[in-house]
Amino acid sequence: MNPVVTIAKKRDGRELSRAEIADFIGGFATEKIPDYQMAALAMAIYLRGMTTAETAALTDEMLGSGRVLQWQDDGRPVVDKHSTGGVGDKTSLILAPLLACCELRVPMLSGRGLGATGGTLDKLEAIPGYRTNLDTDEIGTLVNSIGCVITGASQELAPADRKLYALRDVTATVPSIPLITASIMSKKLAEGLNSLVLDVKWGSGAFMKSAADARALANSLVSTGERMNVKTVAHVTDMNQPLGRMCGNALEVNESLDCLVGKGPADLWEVTELLAVELLLLTQRAPDAAAAKEILKGHITSGRALAKFAEMVAAQGGDLDAPRPLAPTAEVLSERVGKIRSIDTEQLGLAIIELKGGRKVLSDKVDFSTGLEMLVRLGERVERGQPLVKLFAHPQQREVAERLIREAIAVAEE
Ligand code: URA
């Protein structure tokens, strides 16, 4: 194969064959194709897009660049959820133990914060001792015994994606639906799943700012999953304000614990329930949505979901009883009377990064104690001087975070 011919063909908008994609990704993964040629192909894909068949082939080749987890059939289907990420999105912490209570196995391989959105691994590391670096054997053992783990993806799974993502990041080719699809699906399918539910967020705090773009990504993810014989369903959900009230690592663990006993905020439970119901239906654990909701409610009210979360945390070395310190609090007050017209949710995520609750560069150390509590929701009426947000911040970072938050929440007089 001549890589230059493949790049030129894609640049001219012609369909690549399975063999061309296989040669290219295989060559890139094994360093036979240099980064500059892969970058040129990524740009051609970014500009020209890909057909469904090409996207599925790209996904399959990236998946095949590494190991795929193997599961013996023990009657419990293997399932997972992927969210494209949002501010305050802590559904993974609630969903994994809840599904494990429903006789499903959940090898949830998660990531760290990406831009303004928090990362599930960072949240869980707010629990002292929690290990997010389980190896493949330990993932297998724990998922088979407990029913779920939440850990980082090992280097052995979809290594071509890791390499390609780093290149896309520095060549402005991240926002491409086929490249995002292959990236997300190769990592998720490496878990050896039977069924997958996707939460594609849209809005001011999401990767996809418009609902139409989110729907296009959702369609691409679902058709790729189905082509690869994994039952896949996607929901497009709203990220025009944080999910739940709490944003920040230790704060989000605390809110997840509330949700696991039925005391969480309604919007957080709604999204969690929507995704869980979908997996119960896909795996035929429930005949219909109403029955699925009853099953889920039963695990919450009986305390089983919380007990399962505690079991998973303990198995991964975490101590749920150890203190999770929170930074000192301060309130951000409304400067005028009116309605909450819009929230720049991404900017709230950036405020948390200023509080060291997220990273500017990969090597930054995260402060689990910081974050914010939303005291208002879109459309609510507020008085002048009314607290909008409770900030958990160290004094030296407070001023800049307060400014970002005040700018992010638009209060309209009418
Ligand atoms: N998340 C991923 O895992 N990959 C992308 O390309 C974008 C978001």
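The model is predicted, with local features needing pLDDT of at least 70 and side-chain atom pairs counting only at pLDDT 80 or more, while totals for chains, interfaces and linings use all residues. Residues are numbered from 1 along each chain as its sequence is written, and side-chain values use heavy atoms, with hydrogens and water left out.

Where the two domains touch, 24 residues of domain 2 are in contact with 23 residues of domain 3, contact meaning heavy atoms within 4.5 Å.

The size of an interface is often given as the accessible area lost when the parts come together. Here domain 2 and domain 3 bury about 1900 Å² between them, and 54% of that is on carbon and sulfur atoms; buried area is the accessible area (1.4 Å probe) that two parts lose on being put together, summed over both. On the side of domain 2, the residues that lose the most area to domain 3 are Ala116, Gln241 and Arg245, which together make up 29% of what that side buries.

The count of salt bridges between the two domains is 4, a salt bridge being a side-chain nitrogen of Lys or Arg within 4 Å of a carboxyl oxygen of Asp or Glu. Asp267 forms a salt bridge with Arg377, and their closest N and O atoms are 3.3 Å apart.

Turning to secondary structure, strand E6 (246–247) and helix H11 (249–260) each supply at least two residues of the side of domain 2 that touches domain 3, and H11 gives the most, with 3 residues. These elements are DSSP runs numbered from the N terminus, helices (H or I) having at least four residues and strands (E) at least two. By residue type, that side of domain 2 divides into 9 nonpolar, 9 polar and 6 charged residues, where Asp, Glu, Lys and Arg count as charged.
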